Amino acid sequence: MTDHTTARNLLTAAGVLALAAACSTTTPQQEGADAQEPERGHAHADDLTVSGAWMPEPANPEVGALYLEIDNTEREEDALTGIATSASETAELHTTKESDEGSPRMEEVEEIPVPAGEHVELTSGGYHVMVMDITDTFTEGDEFTADLTFDSGAELELTVPVEAMADHGDGRGGEDDEDHGDH
């Protein structure tokens, strides 16, 4: 019986060590990806979490786009109703719609819905924030603050990093492809 108990203890210990090793290690590919991924802006208040906030380095130094994600774990819907930034006195909520000619065209909106229990992404080609009349030239590595206001009364402040647009092959860059003619 001692042999069975010793074998069982050794197997249990080996299992615990294997589990601990699996949970605490990363592959070299993961380490490289994590090392290159900058810290994006995030904030949390009540049942709202804003994460992944970033701005691609503006192609036009006076106009930039701000992208982020919003999670609403509340049982009631909410909406992003306003934004103020340290980068400019003018920041607007926008969406991208198809024009009569079939090309994408930006349009200002009064709010961005954040349904109850939902995850909303502000990204190129959809809802996003346009920052106009930027006072300083932003380059990769710069950052600014953004204050978001929600219909529920929640206010979240976060720091937004500026990242190189060319680094994003995930569809989040390329805001310069949209029509900025009205701005």
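**Two helices, then strands**

The secondary structure of this protein comes to two helices and 11 strands. Helices (H or I, at least four residues) and strands (E, at least two) are DSSP runs, numbered from the N terminus. Along the sequence the pattern reads α-α-β-β-β-β-β-β-β-β-β-β-β. This is a predicted model, in which local features need pLDDT of at least 70 and side-chain atom pairs count only at pLDDT 80 or more, while totals for chains, interfaces and linings use all residues. Residues are numbered from 1 along each chain as its sequence is written, and side-chain values use heavy atoms, with hydrogens and water left out.

Of the 183 residues in the protein, 38% are buried. Buried means under 20% relative accessible area, exposed means over 50%, and partly exposed lies in between (1.4 Å probe, protein chains only).

Start with strand E11, residues 155-163. Two strands pair if DSSP finds at least two bridges between them. E11 pairs with strand E2 (residues 48-56) in the parallel sense, over two bridges. Here Pro56 has Glu163 of E11 as its bridge partner. E11 also runs antiparallel to strand E10 (residues 143-150), and seven bridges join them. Leu148 stands opposite Leu156 in E11. E10 and E11 form a hairpin with four residues between them. In its turn, Gly153 has a positive phi of about 100°.

Arg40 lies in the loop between helix H2 (28-36) and E1, and Glu163 in strand E11, so the pair ties together parts that are 123 residues apart in sequence. A salt bridge is a side-chain nitrogen of Lys or Arg within 4 Å of a carboxyl oxygen of Asp or Glu. A search of the whole structure finds one. Arg40 and Glu163 are both buried.

Now move to strand E5, residues 90-98. E5 and E9 pair in the antiparallel sense over five bridges. Leu93 stands opposite Val129 in E9. Five bridges also join E5 to strand E6 (residues 104-108), again antiparallel. Glu98 has Pro104 in E6 as its bridge partner. The hairpin of E5 and E6 has five residues between the strands, and Gly102 there takes a positive phi near 90°.

The loops deserve a look too. Most residues other than glycine have a negative phi. Asp46 has a positive phi of about 50° although it is not a glycine. Asp46 lies in the loop between strand E1 (41-45) and E2. With a relative accessible area of 66%, Asp46 is exposed. Asp133 also has a positive phi, about 55°, and is not a glycine either. Asp133 lies in the loop between strand E9 (128-132) and E10.

Ser124 lies in the loop between strand E8 (119-122) and E9. Ser124 counts as buried, at 19% relative accessibility. Ser124 and Leu66 are 58 residues apart in sequence and 9.1 Å apart in space, C-alpha to C-alpha.

Finally, the surface. A patch of negative charge gathers Asp46, Glu74, Glu76, Glu77, Glu108, Glu110, Glu111 and Asp151. Patch residues have over 30% relative accessible area and no salt bridge; like charges are joined within 9 Å, and nonpolar side chains (Val, Leu, Ile, Met, Phe, Trp, Tyr) within 5 Å. Glu77 lies in the loop between strand E3 (63-72) and strand E4 (78-85). Glu77 counts as exposed, at 68% relative accessibility.

Notes. Areas by Shrake-Rupley, 256 points an atom, 1.4 Å probe, with all protein chains shown as cover. Lys, Arg positive; Asp, Glu negative; His and termini not counted. Charge placed at Lys NZ, Arg CZ, Asp CG, Glu CD.
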